[in-house]
Amino acid sequence: MHKLLLALLSLSLFGCIDSKEEILEEKSQGLVYCAEANPVSFNPQVTTTGSTIDIIANQLYDRLISIDPVTAQFKSELATDWKISKDGKSVTFTLRKGVKFHTTAYFTPTREFNADDVIFTFSRLFDVYNPYHFVGDANYPYFQSVGLDQLIRKIVRVSDHQVRFELFNPESSFLANMATDFAVVLSKEYAMALKANNQENLFDQYPVGTGPFIYKEYRRDHLVRFYKNPDYWKHEVALEQLVYDITPNGTTRIAKILTKECDVTAHPSSAQLSILAQREDINVEKETNLNIGYWAFNTERPPFDNLKVRQALVHAIDVDKIMQAVYYGNGLRAQSMLPPTSWAFEPQKNMPTFDPQLAKKLLTEAGFPKGFNMSIWAMPVSRIYNPNARKMAELMQSDLSKIGVKVNIVEYEWNTFIQRIGEHRHDSVLLGWAADTPDPDNFFSPLLSCTATFSGKNPANWCNPEFDLLLTKALDTTDLNLRKQYYDAAQSMIIDQLPLYPIAHGMRFQASSAEVEGITLGPFGAISLANARKK
Amino acid sequence: MILDYILRRLGLLFFMVLLLSIFTFSLSYLFPGDVLSNLSGVSNTNFAQSALLEEKYRVNSNYFIQYIAFLDRILQGDWGVSFASGDSVFKHILDLIPATLELSIYALLISVVVGVPLGILASAYYKRWPDKLISSTAIVGYSMPIFWLALLLIMVFSLKLGWFPMSGRVSLLYEIPASTGFILVDILLADFPYNGMAMLDALHHLTLPTIVLAMYPTTVLVRFTRESMLKVMDQSYIKTARAKGLNRGQLIIHHALRNALLPVIKQIGLQFSTLITLAMITEVIFSWPGIGRWLIDSIYQRDYPAIQGGLMAVSLFIIIATIMAELTYTLLDPLSRNQAHGKV
């Protein structure tokens, strides 16, 4: 019976194979990218989730300036030129002319990009009179955690194509923050058109930008579809269509690239890279990346408010074993919060070692000779900084059981996970951070500052005024030596206080079909598919 | 007579649905978390909103009033909103059920087209090699867990040979507007130049999931048809016919088949419920965007309103399908109408 079935099948199959070439031809104008999670929003201002930023930021939008990944110099994007005043308190951007916003099914622009759009976009972050400030509960996690909303005094329209940002105090990371993937420019005209219909809530879901691709549709758990922007100001876009196939399972993503259902896949797991490397029709790229995978404690929740407990837990973990079993030799063991490629990196001498005896002793001193129960929240998706949090949590579970600490591993769907971490419902969490700019502040302010605690981005729930002071001092000066000193102090303070335990720096991987070219991985920031093409 | 029978069946349907709705309603209380947010799917409400919701869901009245309010909402299509997406659960279900139905219907068609003739063939060559071959293959197919079969087929036909894709309904690069939700119909209705290619592509995507899903009902139908045929062939009127000199072909086609196939028709209807259950597993493995995959994702995301709505929709569907099958069978077989009590 099976034979008959198979015979029937192969009959229908041969019929299909004849036309396969035609199908390929039709499809060659489009690219399918296997993404690991649903986008949480279509506006990079309101999220810091890396999986979302990878999809939306560089495809739909442009920023005023960007940072060249090779030279680390600022590059012009929507701003052709920028000048910083002598006192450092005002920055004037000259804007590019002739840039058009997207024409979509829901919006047709009548004018080109100008100063009004820049003012609207950035005043939304801090100006309570901006009609969109409170849309989405006024939550701008990246900007709030780096304090940008507290920094800008006002934005002045100098002319149609010039805007001046006036700051309360000079801050060395202002331009770097303006070059992150979050600082995209939105259309004021579109925002006002929605407001006229009382549809402000649609603004962050139906995007209008200036980027290389135009939003077409989004189906949850299924796909995101973009079409080419025929009027893109920078260059001709080669792809007619760009589709994100939402595939949370890492093994399925690998399988899909083998069956050619995906042209590019995000974060292939390093355990399976050897399979891909054998195939000639698949390219695997590897790039060092500014990131950190860590284990953060909810420092407001007993017993994790006790430094001795945190130290005990950390000393019980065998990081070498994790490096082998989770990173497969494709990661770098952390010696500090910052990765070695950062200019402010300073290896920490008192980095905790694997010492179960000491751990047991510390735990007894802290008043828990018999140990306790705790939870470790493990990310359900694979990220650069931690390819397999579940496995890492299991290894830690067995390590911790040796000092009497019983671990319960908690998992949620990714977006729910992020949301609940933001509400600080966890005991401890395996998470990480991939940098958006090469500026070292990007590793501290968005993660461990007090403002980050309030905006729910501080997974350690750790607010230390002394630490915040160090960060502020580092930002207040442009003297690199002085800044490095402050960041040295900040790095050692993290290891001393252990709000989180830096574990490893991961490599960024990407697997793509050999037909695809023009996608480059950078050491920081989200992926850009603007130059992608098929041979 | 027949009217009486139909009324009895409808009565049964009514009580089943009643029990189902009571069970679904009580889930809101059985699930962890706040009852109000489990019912409505709205969490993190402010004071004014929760007052409004309390009024709407009558959570301050007794259980009976709450249940009536619940029934009222269900009938109006207000099934709450999903925690995960924030969209209406009812809309999700309406969007997803066609995909599951489509897969199940094709699988059922294949299993009837393949299973019934094979069963007849096996009975015709009773205890000879075709029978042995068919029966033993059917046993193997029957005993094989379908998730294993699915992975095996993916390994061989998708990963090794690259003949078939392993996920989805159609290549994502074809933008097909969802008007009916049945992909093949949608492609036919859609008007674009690459219509033919999209159709082939969709058939390509359909192949593996349909085979996997058809496997179990096919083997059941093979075995059932064979047994039923053998039973009929053993009866005295067949013996008489044979004594009169009819050959085996005439016997089977003119005398045995009609009687033997009656119970098979009933069996086909009953297979539908198994099919929907198996479809869930198939959907997860082949990333088929149907209700099963959604329901399992919802369980993983602890999306209680979605689980509640999904369970109710699927069970309702199976109950109705089973009763419909029973009714069809009764229309074809007058003898069965005389049963005093309903049975499902």
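Does Lys127(B) count as buried or exposed, and how many C-beta neighbours lie inside 10 Å? Lys127(B) counts as exposed, because it has 8 C-beta neighbours inside 10 Å, and 12 or fewer is the cut-off for that class. The structure in which this residue sits is a predicted model.

## Confidence in chain A

The mean pLDDT of chain A is 88. Of the residues in chain A, 95% reach a pLDDT of 70 or more. Residues 1-24 of chain A, however, have a pLDDT below 50. Beyond near neighbours in sequence, this stretch has 19 contacts in the model. Where pLDDT is low, the predicted coordinates should not be read in detail.

## The four-stranded sheet of chain A

Chain A contains an open sheet of 4 strands, arranged in the order 4-5-7-6 with antiparallel pairing. Strand 4 (79-84) and strand 6 (152-159) of chain A form the edges, each pairing on one side only. From one strand to the next, the twist averages 20°.

Within chain A, Lys83(A) stands opposite Thr92(A), a residue of strand 5. Helix 4 (residues 115-126) of chain A lies across strand 5, strand 6 and strand 7 (162-167) of the chain. The direction of helix 4 of chain A is at about 170° to strand 6 of chain A.

## Backbone features in loops

Two backbone features of chain A fall in loops. Pro302(A) and Pro303(A) are joined by a cis peptide bond, with omega about 0°. Pro303(A) belongs to the loop between strand 13 (291-297) and helix 11 (307-315) of chain A. Ala72(A) is not a glycine, yet it has a positive phi of about 60°. Ala72(A) is found in the loop that runs between strand 2 (65-67) and strand 3 (74-76) of chain A. Ala72(A) counts as partly exposed because it has 14 C-beta neighbours inside 10 Å, a number between the limits of 12 for exposed and 20 for buried.

In chain B, Lys127(B) likewise has a positive phi, of about 65°, although it is not a glycine. The loop that holds Lys127(B) lies between helix 5 (89-124) and helix 6 (129-143) of chain B.

## Overall build of chain B

The secondary structure of chain B consists of 13 helices and 0 strands. The C-alpha trace of chain B spans about 85 × 55 × 40 Å along its principal axes. Of the 344 residues in chain B, 37% count as buried. When contacts in chain B between residues at least 6 apart in sequence are considered, 71% join residues at least 24 apart.

## Packing of helices 12 and 13 in chain B

Helix 12 (residues 291-300) and helix 13 (residues 304-332) of chain B pack at an angle of about 150°, and their axes are 9 Å apart. Helix 12 of chain B is therefore roughly antiparallel to helix 13 of chain B, since angles over 145 degrees fall in that class. The crossing of helix 12 and helix 13 of chain B is left-handed.

Which residues meet where helix 12 and helix 13 of chain B come together? From helix 12 of chain B, the residues are Ile291(B), Trp294(B), Leu295(B), Ser298(B) and Ile299(B). They meet Ala306(B), Ile307(B), Gly310(B), Ala313(B) and Val314(B) in helix 13 of chain B.

Definitions and conventions:
Residues numbered from 1 in each chain as written. Chains lettered and ligands numbered in written order. Predicted model: local features only at pLDDT ≥ 70, side-chain atom pairs only at ≥ 80, totals over all residues. Pairing = 2+ DSSP bridges. Axes fitted to C-alpha atoms, helices over the stretch in contact; angles between N-to-C directions. Contact = placed C-beta atoms within 7 Å. pLDDT = per-residue confidence, 0-100. Parallel < 35°, antiparallel > 145°, perpendicular 65-115°, else oblique. Left-handed = near helix turned anticlockwise from the far one by under 90°.
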